[in-house]
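Me: I would like to go through this model with you and ask what stands behind each label. Could you set the values against the definitions as we go?

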Amino acid sequence: MQENKIAKLQYIRSTLRNFPDFPSKGIQFWDVCPILKDPKALGYTIDLFEEHLKEKFSKIDHIVGLDARGFLFGPLLSQRLGIGFILVRKKGKLPGPTVSCSYALEYGTAEVEMQADAVEPGQKVVIIDDLIATGGTLNAACRLLRQQNAEVLECTVVLELKELNGSENMKPVPVHSLISLN
Ligand code: AMP
(Lines give C-alpha, C1' and ligand atoms only; values in the text may rest on other atoms or scores of the structure.)
Protein backbone atom coordinates (compact mmCIF):
# COMPACT_ATOMS: atom_id res chain seq x y z
CA MET A 1 0.00 0.00 0.00
CA GLN A 2 1.29 3.48 -0.79
CA GLU A 3 2.69 5.39 2.17
CA ASN A 4 0.41 8.28 1.46
CA LYS A 5 -2.62 6.03 1.56
CA ILE A 6 -1.55 4.41 4.84
CA ALA A 7 -1.01 7.82 6.44
CA LYS A 8 -4.47 8.97 5.34
CA LEU A 9 -6.10 5.80 6.70
CA GLN A 10 -4.26 6.14 10.02
CA TYR A 11 -5.36 9.73 10.32
CA ILE A 12 -9.02 8.88 9.62
CA ARG A 13 -8.87 5.95 12.07
CA SER A 14 -7.48 8.23 14.79
CA THR A 15 -10.56 10.46 14.63
CA LEU A 16 -13.12 7.68 15.14
CA ARG A 17 -14.89 7.27 18.47
CA ASN A 18 -16.65 4.32 19.97
CA PHE A 19 -19.63 4.56 22.33
CA PRO A 20 -20.41 1.34 24.22
CA ASP A 21 -24.08 0.51 24.84
CA PHE A 22 -25.52 3.04 22.37
CA PRO A 23 -28.33 3.12 21.27
CA SER A 24 -28.98 -0.01 23.32
CA LYS A 25 -27.07 -2.31 25.65
CA GLY A 26 -24.44 -4.48 23.96
CA ILE A 27 -24.03 -2.25 20.86
CA GLN A 28 -20.62 -0.68 20.24
CA PHE A 29 -21.56 2.44 18.33
CA TRP A 30 -18.92 3.81 15.93
CA ASP A 31 -19.30 7.54 15.51
CA VAL A 32 -18.25 9.13 12.21
CA CYS A 33 -19.14 12.69 13.33
CA PRO A 34 -15.47 13.53 14.12
CA ILE A 35 -14.55 12.83 10.48
CA LEU A 36 -17.04 15.48 9.40
CA LYS A 37 -15.79 17.95 11.99
CA ASP A 38 -12.22 17.65 10.73
CA PRO A 39 -11.77 18.93 7.15
CA LYS A 40 -8.50 17.02 6.78
CA ALA A 41 -10.11 13.71 7.79
CA LEU A 42 -13.11 14.33 5.54
CA GLY A 43 -10.87 15.30 2.63
CA TYR A 44 -8.76 12.16 3.10
CA THR A 45 -11.90 10.00 3.25
CA ILE A 46 -13.18 11.36 -0.04
CA ASP A 47 -9.66 11.12 -1.59
CA LEU A 48 -9.46 7.42 -0.73
CA PHE A 49 -12.94 6.65 -2.03
CA GLU A 50 -12.21 8.57 -5.22
CA GLU A 51 -8.83 6.89 -5.82
CA HIS A 52 -10.29 3.43 -5.23
CA LEU A 53 -13.28 3.90 -7.53
CA LYS A 54 -11.25 5.50 -10.34
CA GLU A 55 -8.78 2.64 -10.18
CA LYS A 56 -11.41 -0.11 -10.13
CA PHE A 57 -14.19 1.09 -12.47
CA SER A 58 -13.91 2.72 -15.89
CA LYS A 59 -17.49 4.00 -15.77
CA ILE A 60 -19.91 4.77 -12.93
CA ASP A 61 -23.18 6.56 -13.71
CA HIS A 62 -24.26 7.47 -10.17
CA ILE A 63 -23.33 7.28 -6.53
CA VAL A 64 -26.29 6.10 -4.43
CA GLY A 65 -26.34 7.16 -0.77
CA LEU A 66 -28.19 5.44 2.06
CA ASP A 67 -30.34 7.36 4.54
CA ALA A 68 -28.90 9.00 6.56
CA ARG A 69 -25.13 8.86 6.93
CA GLY A 70 -24.55 7.85 3.31
CA PHE A 71 -25.79 11.37 2.54
CA LEU A 72 -22.83 12.86 4.39
CA PHE A 73 -20.18 11.32 2.16
CA GLY A 74 -22.02 10.52 -1.10
CA PRO A 75 -22.56 14.01 -2.55
CA LEU A 76 -18.93 15.01 -1.89
CA LEU A 77 -17.72 11.86 -3.64
CA SER A 78 -20.07 12.19 -6.61
CA GLN A 79 -18.96 15.82 -7.08
CA ARG A 80 -15.32 14.69 -7.18
CA LEU A 81 -16.19 12.05 -9.75
CA GLY A 82 -18.33 14.45 -11.77
CA ILE A 83 -21.41 12.20 -11.61
CA GLY A 84 -24.87 12.38 -10.03
CA PHE A 85 -25.98 11.47 -6.52
CA ILE A 86 -29.16 9.49 -5.80
CA LEU A 87 -30.91 9.10 -2.43
CA VAL A 88 -32.24 5.87 -0.99
CA ARG A 89 -34.47 6.94 1.89
CA LYS A 90 -36.54 5.46 4.63
CA LYS A 91 -40.14 5.03 3.52
CA GLY A 92 -42.39 8.05 3.15
CA LYS A 93 -39.76 10.78 2.71
CA LEU A 94 -39.56 11.19 -1.07
CA PRO A 95 -42.09 13.03 -3.27
CA GLY A 96 -43.56 11.73 -6.52
CA PRO A 97 -43.73 8.13 -7.75
CA THR A 98 -41.43 5.88 -5.74
CA VAL A 99 -40.31 2.26 -5.68
CA SER A 100 -39.54 0.41 -2.46
CA CYS A 101 -38.10 -2.75 -1.01
CA SER A 102 -38.68 -4.17 2.47
CA TYR A 103 -36.16 -5.92 4.68
CA ALA A 104 -36.13 -7.69 8.01
CA LEU A 105 -35.00 -6.01 11.22
CA GLU A 106 -34.34 -7.78 14.49
CA TYR A 107 -38.00 -7.14 15.30
CA GLY A 108 -40.35 -6.47 12.38
CA THR A 109 -39.52 -5.01 8.98
CA ALA A 110 -38.42 -1.71 7.43
CA GLU A 111 -38.54 -0.33 3.90
CA VAL A 112 -36.11 1.61 1.72
CA GLU A 113 -37.39 3.77 -1.08
CA MET A 114 -36.16 5.75 -4.08
CA GLN A 115 -37.76 7.91 -6.74
CA ALA A 116 -39.00 5.82 -9.66
CA ASP A 117 -37.12 7.93 -12.22
CA ALA A 118 -33.83 8.07 -10.27
CA VAL A 119 -31.98 5.44 -12.32
CA GLU A 120 -32.37 4.12 -15.86
CA PRO A 121 -32.11 0.45 -16.82
CA GLY A 122 -28.50 -0.59 -17.37
CA GLN A 123 -26.96 2.25 -15.40
CA LYS A 124 -23.98 1.39 -13.22
CA VAL A 125 -24.05 2.56 -9.62
CA VAL A 126 -21.95 2.40 -6.46
CA ILE A 127 -23.80 2.51 -3.12
CA ILE A 128 -22.25 4.37 -0.21
CA ASP A 129 -22.91 4.34 3.53
CA ASP A 130 -20.90 5.17 6.64
CA LEU A 131 -20.77 1.64 8.02
CA ILE A 132 -21.68 -1.95 7.25
CA ALA A 133 -22.77 -4.05 10.22
CA THR A 134 -25.01 -7.00 9.20
CA GLY A 135 -25.42 -5.67 5.67
CA GLY A 136 -29.24 -5.75 5.93
CA THR A 137 -29.72 -2.14 4.84
CA LEU A 138 -27.19 -2.26 1.99
CA ASN A 139 -28.69 -5.54 0.83
CA ALA A 140 -32.17 -4.01 0.62
CA ALA A 141 -30.76 -1.05 -1.34
CA CYS A 142 -29.07 -3.46 -3.78
CA ARG A 143 -32.33 -5.32 -4.31
CA LEU A 144 -34.15 -2.03 -4.89
CA LEU A 145 -31.62 -0.97 -7.53
CA ARG A 146 -31.72 -4.35 -9.22
CA GLN A 147 -35.55 -4.13 -9.33
CA GLN A 148 -34.94 -0.98 -11.40
CA ASN A 149 -32.50 -2.94 -13.61
CA ALA A 150 -29.51 -0.91 -12.49
CA GLU A 151 -26.17 -2.64 -12.02
CA VAL A 152 -24.64 -2.35 -8.54
CA LEU A 153 -20.88 -2.39 -9.09
CA GLU A 154 -19.94 -2.21 -5.41
CA CYS A 155 -20.97 -1.05 -1.97
CA THR A 156 -18.45 1.23 -0.37
CA VAL A 157 -18.28 2.26 3.29
CA VAL A 158 -15.94 4.02 5.68
CA LEU A 159 -16.17 1.28 8.33
CA GLU A 160 -16.81 -2.44 8.29
CA LEU A 161 -17.58 -4.41 11.46
CA LYS A 162 -15.99 -7.70 10.39
CA GLU A 163 -17.46 -9.94 13.06
CA LEU A 164 -21.00 -9.26 11.83
CA ASN A 165 -20.19 -10.75 8.41
CA GLY A 166 -21.87 -7.99 6.43
CA SER A 167 -19.62 -8.51 3.36
CA GLU A 168 -20.48 -12.20 3.29
CA ASN A 169 -24.18 -11.33 3.34
CA MET A 170 -23.72 -8.98 0.39
CA LYS A 171 -22.24 -11.56 -1.99
CA PRO A 172 -21.94 -11.47 -4.98
CA VAL A 173 -21.84 -7.66 -4.69
CA PRO A 174 -18.35 -6.63 -3.51
CA VAL A 175 -17.98 -4.49 -0.40
CA HIS A 176 -15.09 -2.04 -0.12
CA SER A 177 -14.34 -0.56 3.30
CA LEU A 178 -11.65 1.97 4.16
CA ILE A 179 -11.31 0.65 7.71
CA SER A 180 -12.15 -2.80 8.95
CA LEU A 181 -12.70 -3.45 12.67
CA ASN A 182 -12.83 -6.76 14.48
P1 AMP B 1 -26.70 -3.00 8.93
O2 AMP B 1 -27.94 -2.94 8.08
O3 AMP B 1 -26.81 -3.97 10.06
O4 AMP B 1 -25.44 -3.22 8.10
O5 AMP B 1 -26.58 -1.59 9.65
C6 AMP B 1 -26.08 -0.55 8.92
C7 AMP B 1 -26.67 0.79 9.30
O8 AMP B 1 -26.87 0.96 10.72
C9 AMP B 1 -25.69 1.83 8.87
O10 AMP B 1 -26.42 2.81 8.17
C11 AMP B 1 -25.06 2.37 10.14
O12 AMP B 1 -25.07 3.77 10.07
C13 AMP B 1 -25.92 1.86 11.28
N14 AMP B 1 -25.16 1.06 12.28
C15 AMP B 1 -25.30 -0.26 12.52
N16 AMP B 1 -24.48 -0.69 13.49
C17 AMP B 1 -23.76 0.39 13.87
C18 AMP B 1 -22.70 0.60 14.83
N19 AMP B 1 -22.22 -0.39 15.60
N20 AMP B 1 -22.19 1.84 14.94
C21 AMP B 1 -22.65 2.85 14.17
N22 AMP B 1 -23.63 2.72 13.25
C23 AMP B 1 -24.19 1.51 13.10
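**Pockets, a helix and some backbone details**

Reply: Let's start with the largest pocket, whose lining residues divide into 19 nonpolar, nine polar and eight charged. Here Ala, Val, Leu, Ile, Met, Phe, Trp, Tyr, Cys and Pro count as nonpolar, Asp, Glu, Lys and Arg as charged, and the others, Gly among them, as polar. Before we go on: this is a predicted model, in which local features need pLDDT of at least 70 and side-chain atom pairs pLDDT 80 or more, while totals for chains, interfaces and linings use all residues. Residues are numbered from 1 along each chain as its sequence is written, and side-chain values use heavy atoms, with hydrogens and water left out.

Me: What makes a residue part of the lining of the largest pocket, and which ones lie nearest its centre?

Reply: A pocket is an open set of points on a 1 Å grid over the protein atoms alone, where a 1.4 Å probe fits and protein lies on both sides within 12 Å along at least five of seven lines; a lining residue has an atom within 4 Å of a point. By that rule 36 residues line the largest pocket, and Ile 27, Leu 131, Ala 133, Thr 134 and Thr 137 lie nearest its centre. At least two lining residues come from each of β2 (28-31), β4, β5 (98-104), β6 (109-115), β7 and α5 (136-147). With four residues, β7 gives the most. These helices (H or I, at least four residues) and strands (E, at least two) are DSSP runs, numbered from the N terminus.

Me: Why is Ile 46 called buried?

Reply: Buried means under 20% relative accessible area, exposed over 50%, and partly exposed in between (1.4 Å probe, protein chains only). Ile 46 has 3%, so it is buried. This residue sits in helix α3 and touches Phe 73, Leu 76, Leu 77 and Arg 80, leaving aside residues up to four places away in sequence. Touching is a matter of heavy atoms within 4.5 Å.

Me: How do you know that the buried residues of α4 line one face of the helix?

Reply: The buried residues of α4 are Gly 70, Phe 71, Phe 73, Gly 74, Leu 77, Ser 78 and Leu 81. Seen down the axis of α4, they fall within an arc of 165°, so they line one face. The arc is taken over the directions from the helix axis to the C-beta atoms. They pack against α2 (33-37), α3 (39-56), β3 (62-66), β4 (84-90), β7 (124-132) and β8 (151-161).

Me: How does the span of α4 compare with the span expected?

Reply: From first C-alpha to last, the 12 residues of α4 (70-81) reach 16 Å, close to the 16 Å expected. The expected span is 1.5 Å times one less than the number of residues. Just after α4, Gly 82 takes a positive phi of about 70°.

Me: What makes Asp 21 and Asn 149 worth a remark?

Reply: Most residues other than glycine have a negative phi, and most peptide bonds are trans. Asp 21 has a positive phi of about 60° although it is not a glycine, and Asn 149 also has a positive phi of about 60°. Asp 21 lies in the loop between β1 and β2; at 41% it counts as partly exposed. Asn 149 is in the loop between α5 and β8 and, at 51%, counts as exposed.

Me: Where are the cis peptide bonds that you list?

Reply: One joins Phe 22 and Pro 23, with omega about -5°; Pro 23 is in the loop between β1 (17-20) and β2. Another joins Lys 171 and Pro 172, with omega about 10°, and Pro 172 lies in the loop between α6 and β9.
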